[in-house]
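This briefing covers a ligand site and a set of aromatic contacts. Please look at the sequence and the structure before reading on.

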Amino acid sequence: MKPFALYHIGFNRQDLGESPPRMALLCGDPERSRQIAEETPGVTLLKTLSLQRGLNSYLVRLANDRPLLIATSGMGGPSLSIVVNELYQVGIRQMVRVGTCGAIADNITTGSVVISQAALCRQGAAEDIAPLEYPAAADPFLTVALVEAARTLDIPWHLGITASVDTFYEGQERSQSSANPRLLRRLQGITEEYRQLNILNYEMEAGTLFKMSGVYGFAAACICAVLADRSRSEKVEIEKKEQAIQGAIQVALHMALRQR
Ligand SMILES: O=P(O)(O)O[C@H]1O[C@H](CO)[C@@H](O)[C@H]1O
Ligand SMILES: O=c1cc[nH]c(=O)[nH]1
């Protein structure tokens, strides 16, 4: 490991150069981070910063010559909280999650994107950061910028409240596709309850990210590609994955290009 690198992310402020980025795109999946950095037209890879622990991070340049950090949060609030803490320490002040999700609202189909204005935060890690009742809200400016980018690119989008939970199976009321078909009573029917509360989608990081942004004082936003349609099935539609993720990536990059 390089000297003085932040322990988990594996790089430090100096590694970001003389004109360091203020914004990071944050993916749960390291392969998505690599794909953005190495295979996306308009993105020039300047440096692979670290591949430590699968928390792949890359310094890139956009077509307007602005630097951007592409980083990996890992899955769930605990991993994300470590990465976000260390990204803040190296000077990142805008963090945009580019993730995947399952649709709860019955008008949302796979292949579209959901932009989160806030999160219902049912996440244990977030309780170490702020009280339960602390708001998990996205930055309004970045959020509107994501919506404008989706509109411009004509990618089907939805804006609303996201449910951020700690587990993919039990917490998202999966029983048929889970090793454990017996759900706790409090989780039986939770998806329909959320639907009635006008919650759009399930994912596993935004709530913790948003609470951290409020407490630390940085701007956060979240866009997720919809891979599962929970009104119809528990399954992730693998055949839609690439196209849906490409949509979310393109929207996030379009937004990043237009930041002042
Ligand atoms: O695709 P990513 O960004 O990892 O996001 C979603 O996918 C994972 C579960 O499959 C969780 O991390 C969830 O939030
Ligand atoms: O259904 C899904 C799909 C992706 N990510 C989630 O957390 N849930």
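The model is predicted. Ligand 1 takes up the space of the largest pocket, and the protein buries 86% of the 340 Å² that ligand 1 exposes when taken alone.

**Residues around ligand 1**

- The shell around ligand 1 consists of G28, D29, R32, M75, R97, G99, T100, F168, E203, M204 and E205.
- By class, 5 of these residues are charged, 3 are polar and 3 are nonpolar.
- Strand 5 (residues 94-103) supplies the largest share of the shell, with 3 residues.

**Polar contacts of ligand 1**

- R32 contributes a polar side-chain atom, which lies 2.6 Å from an oxygen atom of ligand 1.
- At M204, a polar backbone atom is 2.9 Å from an oxygen atom of ligand 1.
- At G28, a polar backbone atom is 3.1 Å from an oxygen atom of ligand 1.

**Aromatic pairs**

- The structure contains 5 aromatic pairs.
- One of these pairs is formed by Y88 and F218, with 6.2 Å from centre to centre.
- The planes of Y88 and F218 are 45° apart, and the pair is tilted.
- Y88 belongs to helix 2 (residues 77-89), while F218 sits in the loop between helix 5 (206-216) and strand 9 (219-229).
- Y88 and F218 are 130 residues apart, and their pair links distant parts of the chain.

Conventions
Residues are numbered from 1 along each chain as its sequence is written. Chains are lettered from A and ligands numbered from 1 in the order in which they are written. This is a predicted model: local features need pLDDT of at least 70, side-chain atom pairs count only at pLDDT 80 or more; totals for chains, interfaces and linings use all residues. Side-chain values use heavy atoms; hydrogens and water are left out. A residue is near a molecule or strand if one of its heavy atoms lies within 4 Å of it. A polar contact is a pair of N or O atoms within 3.5 Å; within protein, one must be able to donate a hydrogen and the other to accept it, and residues adjacent in sequence count only if both atoms are side-chain atoms. Accessible areas come from the Shrake-Rupley method with a 1.4 Å probe; for residues, only the protein chains shown count as cover. On a 1 Å grid over the protein atoms alone, a cavity is a set of points where a 1.4 Å probe fits but cannot get out, and a pocket is an open set with protein on both sides within 12 Å along at least five of seven lines; lining residues have an atom within 4 Å of a point. A molecule sits in a cavity or pocket if more than half of its atoms lie within 2 Å of its grid points. Helices (H or I, at least four residues) and strands (E, at least two) are DSSP runs, numbered from the N terminus. Ala, Val, Leu, Ile, Met, Phe, Trp, Tyr, Cys and Pro count as nonpolar, Asp, Glu, Lys and Arg as charged, and the others, Gly among them, as polar. Rings of Phe, Tyr and Trp (its six-membered ring) pair if their centres lie within 6.5 Å; planes under 30 degrees apart count as stacked, over 60 as edge-to-face and the rest as tilted.
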